[in-house]
Amino acid sequence: MKMFEKYDVIVVGAGHAGAEAAAAAANLGSKVLLVTMNLNTIAQMSCNPAMGGIAKGQIVREIDAMGGYSGLVTDKSMIQFRMLNKSKGPAMWSPRGQNDRMLFSATWRKMLEETNNLDFWQDTVTEILVKGDYVYGVKTAMGLKIESKTVILTNGTFLNGKIYIGTKQFPGGRMGDPASYGLSDQIKDLGFETERLKTGTPVRVDGRTIDFSALEEQKGDENPENFSYLEKTKLSEQRSCWITYTSPKVHEILKSGFGESPMFNGRIQGIGPRYCPSIEDKIERFSDKARHQLFVEPEGWNTIEYYLNGFSSSLPDYIQVKALKKIPGFKNAKIFRPGYAIEYDYFPPTQLNYNLETKLIKNLFFAGQINGTTGYEEAAAQGIMAGINAHRKIKDQEPFVLKRSEAYIGVLIDDLITKGVDEPYRMFTSRAEHRILLRQDNADKRLTEKSYHLGLASEERYQKFKVKDSKIQKLRNFILENSISPHELNTKLAQYKTAPLKQRVKLATVLLRPQINLNLLLTASKSLHNFVIENKMDNEILESTEIQIKYEGYIKKEEEIAIKLGKLENIILKDDFDYNQLTSISYEAREKLTKIKPKTIGQASRISGVSPSDINVLLVYLGR
């Protein structure tokens, strides 16, 4: 009996990348099979129980704006919300949610099970089925061959995964789950370049043994917001996080275990994340620092388990516990499990096209940590894009590609396939040259209409966006066209130590003052207040309108720069272009251009080792 029909898309792995990929392809109409080693750990938060953060929060908003599930799941399982960087400009504001780990995974599974066109199978994929230079399915550990038109690999840290705790080492994709063998070796045999990376996680602590009176409380925002643009849920109760610090004594104990550290004795060959280093790595690299900040994060509503963010370690377990007990608040601490490092295979992403399809094997897509990224959000972003593009490949439609000026997702994918990675890639606002355009408040304006025309963003989502956008424009026009008098506002201006008005001026003119915000104007101008109430404008409308008016000059300038740079993206380079014939460009540039095969002059200009003069030579050669 043939157990399986032929699928349009098979997604291998059900982490954040796999879950988003499966949802996107299925919602677009493809018949999808999601294959995972354990159906009870769908979208498992393997490391910290949180979503978002600096630049990552913008990514979650972008995924949601396109009709992905990450924002909705985050809102439904959130136990605390904070908007980071509020003291800086709006380009830097980043939402972050602390989550109930078990509820997060359960909610993801529920949403996937409610998705049409999506089947599930619990098994391990050991091989992809290849004919010539096309993939046509997968083979599993149970010996089953399942055919499909496309395959998306989202294997996370499971490919030849190895866990390290001091001198102990054993195979695993994460603690308690087996590693995946066979698939990585086959892909290498097919001609793919394969490398190793390393990541890690800290001890999990029994909250009953923590002295919270010795810690600094970190509460959530007074008025918590949402990640999703579609559903607005009010977080009526929040759980606090806490802050503590290491000390010279803690560092001394940790150093005593360096001789048994797999990081320092050479047993781990993979490179770890620069921006999320282990505690031993921090002590070694920042030896002048007497202490390091640690965040004590609850794992959920109904658990005593806590995550010690900043204390990631692969040192011997007894060293970890000994050092832990010297941290303020942890004198009597007991742990649920020690921290560990994990080393795994990944495939350098320069082997991919912009649609995340591999250059070597057609209809085969890679997404997530196997592309060298770190973080749930970066993985989920690749997943939704791979799911969209696998569906479009089947339909013989053009790839869906986001520009660097359109989304952090565009920056992420362009960085990966153009520059490659030599350490786990993490998104930051500093990586986005157009970040004033890529704010967390306007992800729906940037992406929802695009996704709606693809067929992914729902009619409900699109109509909500149109209503919101219409209200923003109405409010903007009101503020630009209506005035306020000195007697309405001068008392409040004096409180904020800004010059009084001498005559009636437009509301927008006052709003441009750095000390003044829209909420203050609402308390001063009765006409503005009534307009907002009559049109049922919430805080999201007010915030977006204020940003548009206050930063209009910067936004316009950035849009002009993006258009100018975008012209380079229209100059196409053919895949078979022979760069070796251009002896006027550097040898390194010829080598990098030949390896990466950029699609456009714009992409070529961002390749490390290709100089502006090399680009000028290319432009001259192309007659441009």
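Residues are numbered from 1 along each chain as its sequence is written. In this predicted model, totals for linings use all residues, and hydrogens and water are left out of side-chain values, which use heavy atoms.

**Exercise 1.** Find how many cavities of 30 Å³ or more the structure holds, and describe the lining of the largest cavity.

*Solution.* Step 1: take the term. A cavity is a set of points on a 1 Å grid over the protein atoms alone where a 1.4 Å probe fits but cannot get out, and lining residues have an atom within 4 Å of a point. A volume is the space filled by probe spheres set on the points, with grid points joined across faces, edges and corners.

Step 1: count. There are two cavities of 30 Å³ or more, and the largest holds about 70 Å³.

Step 2: list the lining. Among its residues are Arg439, Asp441, Phe465, Ile472 and Gln548. Helices (DSSP runs of H or I, at least four residues, numbered from the N terminus) that give two or more residues are H11 (443–454), H12 (459–481) and H17 (539–550). H12 gives the most, four residues.

Step 3: sort by class. Nonpolar means Ala, Val, Leu, Ile, Met, Phe, Trp, Tyr, Cys and Pro; charged means Asp, Glu, Lys and Arg; the others, Gly among them, are polar. The lining has two nonpolar, three polar and six charged residues.

**Exercise 2.** Describe the second largest cavity by volume and lining.

*Solution.* Step 1: its volume is about 30 Å³. Step 2: its lining includes Leu352, Tyr354, Lys359 and Gln603. Step 3: the classes are four nonpolar, two polar and three charged.

Methods:
Predicted model: local features only at pLDDT ≥ 70, side-chain atom pairs only at ≥ 80, totals over all residues. 1 Å grid on protein atoms, 1.4 Å probe; cavity = no way out; pocket = protein on both sides within 12 Å on 5 of 7 lines; lining within 4 Å.
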